[in-house]
Amino acid sequence: MTDAPVIEAKSLDLTFQTGDGPVQALSDINLSIARGEFVSFIGPSGCGKTTFLRCVAALEAPTGGTLTVNGMTPDKARQSRAYGYVFQAAGLYPWRTIAGNVKLPLEIMGYSGAEQEDRVRKVLELVELSGFGKKYPWQLSGGMQQRASIARALAFDADILLMDEPFGALDEIVRDSLNEELLKLWARTQKTCLFVTHSIPEAVYLSTKIVVMSPRPGRIADIIDSPLPAERPLDIRDSQIFIETAHRVREGLRAGHGDAA
Amino acid sequence: MTDAAVMPRRTSWQRVRGGKMLPVLSVLCAIVVIWYAAAVWMNATWTLDQAARAGTEPTFAEIVADTMVQKRPLLPAPHQVAATLWDQTIEQKVTSKRSLVFHGWITLQATILGFVTGAVLGVAVAVGIVHSRTMDLSVMPWAVISQTIPIVALAPMIIVLSNAVGIDGRTVPKTIISAYLSYFPVLVSMVKGLRSPGAAQRDLLKTYNASGMQTFFKLRLPASLPYFFAAMKVAVAASLIGAIVGELPTGAIQGLGARMLIGSQFGEPLIMWAALFAAAILAGVLVIAVGLLERLALRLMGQPGQGGAR
């Protein structure tokens, strides 16, 4: 594997023109993400964490600076299907079964029928939804729906997984177990993950790198390389090193808020 | 006995007792009662006039009795309409000019043709409007304006014009009028339905680098189906009205509209009312047919509610 960063942002700016005048959503973002990293973006609403993810996905266009994904422009990367995107809402099509939903990107990308079946079976196994392929989304719980939407993003084997608060709407118990599963999944697939969250424990538990952001204008307040070991059972969250890291994230968030006030 | 495990399906009697049918039946009864009262009230004038001419004064019971059996009542009593309806359907050969089945079939043909034409046109224009801002701005206002013109004013013109260009018979102009009435609800609903997928769902397809065609067939079209069927129910009833209106201008001798006109022109209210009810029953059957089709489609698409899986 090459050492070139998978995602690299240099003095990235994004200003939205709104009815109330320009709003600077991202200001001077400098960030480099290596292959296989798990990077969390944390910060209060309006800090630009989702906007940054959308820039990487070429769903928003930056107004300044440079951003490369796999060494290409984000739009080229999107066209070469470099990433899978998991939205906050599972957004499964109610008229398709779970297998049908996972198949959707494969149909669009023109995989053969046999290949589609094969991949659907594999990714459903990966997110532990084997046997639910024939169910419709409304027959599944919120957590299972979100797992299906992760399976959908994994189905076409993009190396980058972009996740925008995928577990934000779920209760904490479900969230814990999904976090644990996500880590296992990440370890197995070796994908580069970008994960937007509101939750400090979630960010610390999952990440190899935590990007703390602050609002108005959206900018990076701190980048923390996680000192946690690769092997992370759920009870690591009671360890001293976990608490210290969480504390540093909290400090970063507080400092960011102080600047803005 | 009637164990729940043995009899999971509720019989219609159980539903009546369950209270669902009771309100329905109450409303029906109320309508019939009001109708009878109105028939007595409206037809009494004629009874009193006749009595005055004969120099007698009828009792209230005699008035009521007479209002129920007049040959040309202002407002026929329900049982009179039912009897006429029975006589003109079951008791006639279906090819007879006196049979409402015959006339209903004539109207139904134009209705179905108009409905299909209108639905295809409505969906096609909606697809254009959703995909082209120019079409949205240029076509939509005309579609709205088209519906502000009273169809009774337009219908004779369409018939005269289609005769002038050498089209024989009434099926074509009736189809046009019927389609004219039915395309609009389809157009409006389909525009809304095709636009119903939110930004997030469109973004998702963008991340797959999906083409416009793929977005249409995989997202917009299936998302619009519930809107489509809602529109179909309105459109099928509108189509029937269009076909009947196409039969009203002078000259038509076949179809439910022609029967209504004949009934009113020759002072035969029973014929008119029977045709009116035949049309209402036909509309009901058509709407129910569309409803069944909807259920089937939604069930195939795995939608809950609407009679799909429980």
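**Contacts, cores and helix packing**

Leaving out residues up to four places away in sequence, A:S214 touches A:C47, A:R219, A:A221 and A:G256, where contact means heavy atoms within 4.5 Å. This serine sits in strand β8 of chain A, residues 209-214, strands being DSSP runs of E with at least two residues and helices runs of H or I with at least four, numbered from the N terminus. A:S214 is buried at a relative accessible area of 1%; here buried means under 20% relative accessible area, exposed over 50% and partly exposed in between, with a 1.4 Å probe and protein chains only.

The model is predicted, so that local features need pLDDT of at least 70 and side-chain atom pairs count only at pLDDT 80 or more, while totals for chains, interfaces and linings use all residues. Residues are numbered from 1 along each chain as its sequence is written, chains are lettered from A and ligands numbered from 1 in the order in which they are written, and side-chain values use heavy atoms, with hydrogens and water left out.

The loop between β8 and β9 (219-225) of chain A holds A:P217, and the peptide bond that joins A:R216 to A:P217 is cis, with omega about -10 degrees. A:N70, in the loop between β4 (64-69) and α2 (74-79), has a positive phi of about 55 degrees although it is not a glycine, and at 24% relative accessibility A:N70 counts as partly exposed. A:Q190, in the loop between α6 and β7 (192-197), likewise is a residue other than glycine with a positive phi, near 60 degrees, but A:Q190 is exposed, with a relative accessible area of 53%.

Helix α6 of chain A (residues 172-189) packs with helix α5 of chain A (residues 142-154) at an angle of about 20 degrees, their axes being 11 Å apart; the axes are lines fitted to C-alpha atoms, for helices over the stretch in contact, and angles run from 0 to 180 degrees between N-to-C directions. That angle makes α5(A) roughly parallel to α6(A), since angles under 35 degrees count as roughly parallel, over 145 as roughly antiparallel, 65 to 115 as roughly perpendicular and the rest as oblique. On the side of α5(A) the contact is made by A:G143, A:R147, A:I150 and A:L154, and on the side of α6(A) by A:V174, A:L178, A:E181 and A:L185. An α-helix has 3.6 residues a turn, so residues three or four places apart point the same way. By class, this contact of α5(A) with α6(A) has five nonpolar, one polar and two charged residues, where Ala, Val, Leu, Ile, Met, Phe, Trp, Tyr, Cys and Pro count as nonpolar, Asp, Glu, Lys and Arg as charged, and the others, Gly among them, as polar.

Which residues have the most contacts inside the largest nonpolar core? They are A:I7, A:F41, A:F52, A:L162, A:L194 and A:V249, in a core of 92 residues, a nonpolar core being a set of buried Ala, Val, Leu, Ile, Met, Phe, Trp, Tyr and Cys residues joined through side-chain atoms within 4.5 Å. Beyond its neighbours within four places in sequence, A:V249 is in contact with A:I42, A:I200, A:V204, A:I210, A:V212 and A:I224. A second, separate core has 35 residues, including B:Y183, B:I244, B:A274 and B:L286.

In chain B, helix α11 (residues 256-265) is largely enclosed by the rest of the structure, because seven of its ten residues are buried. Those buried residues are B:L256, B:G257, B:A258, B:R259, B:M260, B:L261 and B:G263, and what covers them includes α4 (78-89), α5 (100-131), α10 and α12 (269-300) of chain B. After α11(B) comes B:G267, whose phi is positive, near 60 degrees.

B:S189, in helix α8 (residues 171-194), counts as buried at 19% relative accessibility and, neighbours within four places in sequence aside, is in contact with B:Y227 and B:A231. B:S162, in helix α7 (residues 151-164), counts as buried at 5% relative accessibility and touches B:I167 and B:P173, not counting residues up to four places away in sequence.
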